[in-house]
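Here is a short briefing for a first look. Please keep the sequence and the model side by side as you read.

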Amino acid sequence: MTGGVIAPASAQERQVPESEAQVQLSFAPVVKQAIPAVVNIYASRRVQVRRSPLFDDPLFRHFFQDQMGDQPPERMQKSLGSGVIVGEDGVVITNDHVINGADQIRVALADRREFDAEVLLTDERTDLAILRLQDTDGESFPTVPFADSDELEVGDLVLAIGDPFGVGQTVTQGIVSALARTQVGISDYRFFIQTDAAINPGNSGGALIDMQGRLVGINSAIYSRSGGSLGIGFAIPANMAQLVVRSALEEGEIRRPWFGATMQGVTSDIADGLGLDRPRGALVTRLTEESPAHRAGLRVGDLILMIAGRPVEDPDAFGYRFVTQGVGGTTEITILRNGNRLALTVALEPPPETTPRDTRELLGSSPLTGAQVMNLSPAVAEEVGIDFVDEGVVVSDIRPGSTAQRVGLQRGDIVVEINGNEIETTRYLEELSEERPRVWRITIERDGRRLQMAFRG
């Protein structure tokens, strides 16, 4: 027994603390190291307030015009979250949903000083945002170093630091309850650390740290039926957070490697057919010609088991592990083909824009009015967050309150046909959307399924 740490006791014996130092064991040294770099984030945005229908009455307007004004009334909507300083020059990482749409962002440090912050990068797909403190006069700030989150194990002790419910900076302790949670649909890259450290509203964007005071994750979501902590919290792994920080500082935009294959999970029946002891891996179902996966020699029917020496349990796990390799160089994947294990080398390349995107916002009186569309390419598909297989036209954005939003069109929908006409370019789609047929028959592809819609003209 050395260094003030209690040695593990055998199953047959129990030990009590033998010194005052052992009685006073505490997380305080780790907390003191990390807490100066955990911040509170206050985001404000202006929102229009719905006014009474009385304001549209001519008589009412005649008598109360001075008080009403010409513009709809506005109010400031505020949100509270947490963040972590990861750069000595004031670079802060938080959740995208904490600052999304904010007109002003204010960051409060642990010592109660406050700074305005500018947004360096937001990434809705990972639910991460990178900020930089303003008017710091060149000050050097305390930081939390990144850990390799792939080294975490279930049962490891962790601390969550943030500002739950706005009560002030708070530390909670727990363990890693599970790793590689891929069924949590709170971002495109579903690969979360699950912890039982209490996480509540306001903790979003805060730090999940290990016993060395290193950042292992960004606290992002909870499972709750009441709004409070039930002991099931989820954090974005530090390896993904580090990729986004590096992209913000080096490129000013997210650069992710492109694989070029569509995959599905392995069922029990498929596992039996492949001779596996249990369902695992990502089964390749489609390949894009001349993609990195295709050039590496991958074939439809191959089962991906590992990437860079790390196991792949399902397609979501592969997506996370491949993206966190970053752009540049190569990586190795292990596959199962015809009962044999093979190693393939895949280039880590950004997705190309093989077809000019030709972005257009559809006007006129069609059901698509208010939709922004682009020509599909691997680069556009990556931006929108869909698998690229063929060329076509994809919805990249929808104007709030537009006809397209009211009919249920969504970002990522691929417009396949309009009234029997196959859509190949945004220009052709724009021409068709300006027509005035008696009935609009529209076919879209969403999550690999084709949906047909009909509307009266």
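In which strand is the place of Thr94? Thr94 sits in strand 3 (residues 91-95). This is a predicted model: local features need pLDDT of at least 70, side-chain atom pairs count only at pLDDT 80 or more, and totals for chains, interfaces and linings use all residues. Residues are numbered from 1 along each chain as its sequence is written, and side-chain values use heavy atoms, leaving out hydrogens and water. Helices (H or I, at least four residues) and strands (E, at least two) are DSSP runs, numbered from the N terminus.

**Thr94**
- Thr94 counts as buried because its relative accessibility is 0%. Buried means under 20% relative accessible area, exposed over 50%, and partly exposed in between (1.4 Å probe, protein chains only).
- Leaving aside neighbours within four places in sequence, Thr94 is in contact with residues including Ile41, Ser82, Asp127, Leu131 and Ser204. Contact means heavy atoms within 4.5 Å.
- A polar atom of the Thr94 side chain lies 2.6 Å from the backbone oxygen of Ser82.
- Thr94 and Ile130 are 36 residues apart in sequence, and their C-alpha atoms are 6.5 Å apart in space.

**Arg256**
- Arg256 lies in the loop between helix 5 (238-250) and strand 13 (261-264).
- With a relative accessible area of 4%, Arg256 is buried.
- The side chains of Arg256 and Asp123 are joined by a polar contact of 2.3 Å. A polar contact is a pair of N or O atoms within 3.5 Å; within protein, one must be able to donate a hydrogen and the other to accept it, and residues adjacent in sequence count only if both atoms are side-chain atoms.
- Another polar contact, of 2.6 Å, joins the side chains of Arg256 and Glu382.

**Helix 8**
- Helix 8 covers residues 315-323. Its buried residues include Ala317, Phe318, Tyr320 and Val323.
- Asp314 caps the N-terminal end of helix 8. A side-chain oxygen of Asp314 lies 3.2 Å from the backbone nitrogen of Asp316.

**Helix 11**
- In helix 11 (residues 426-433), Thr426, Leu429, Leu432 and Ser433 are buried. They lie on the same side of helix 11 because they cover an arc of only 125 degrees around the axis. The arc is that of the directions from the helix axis to the C-beta atoms.
- Among the elements covering these buried residues are strand 20 (371-375), strand 21 (393-398) and strand 24 (439-446).

**Phe27**
- Phe27 lies in the loop between helix 1 (20-23) and helix 2 (28-34).
- Phe27 is partly exposed, at a relative accessible area of 31%.
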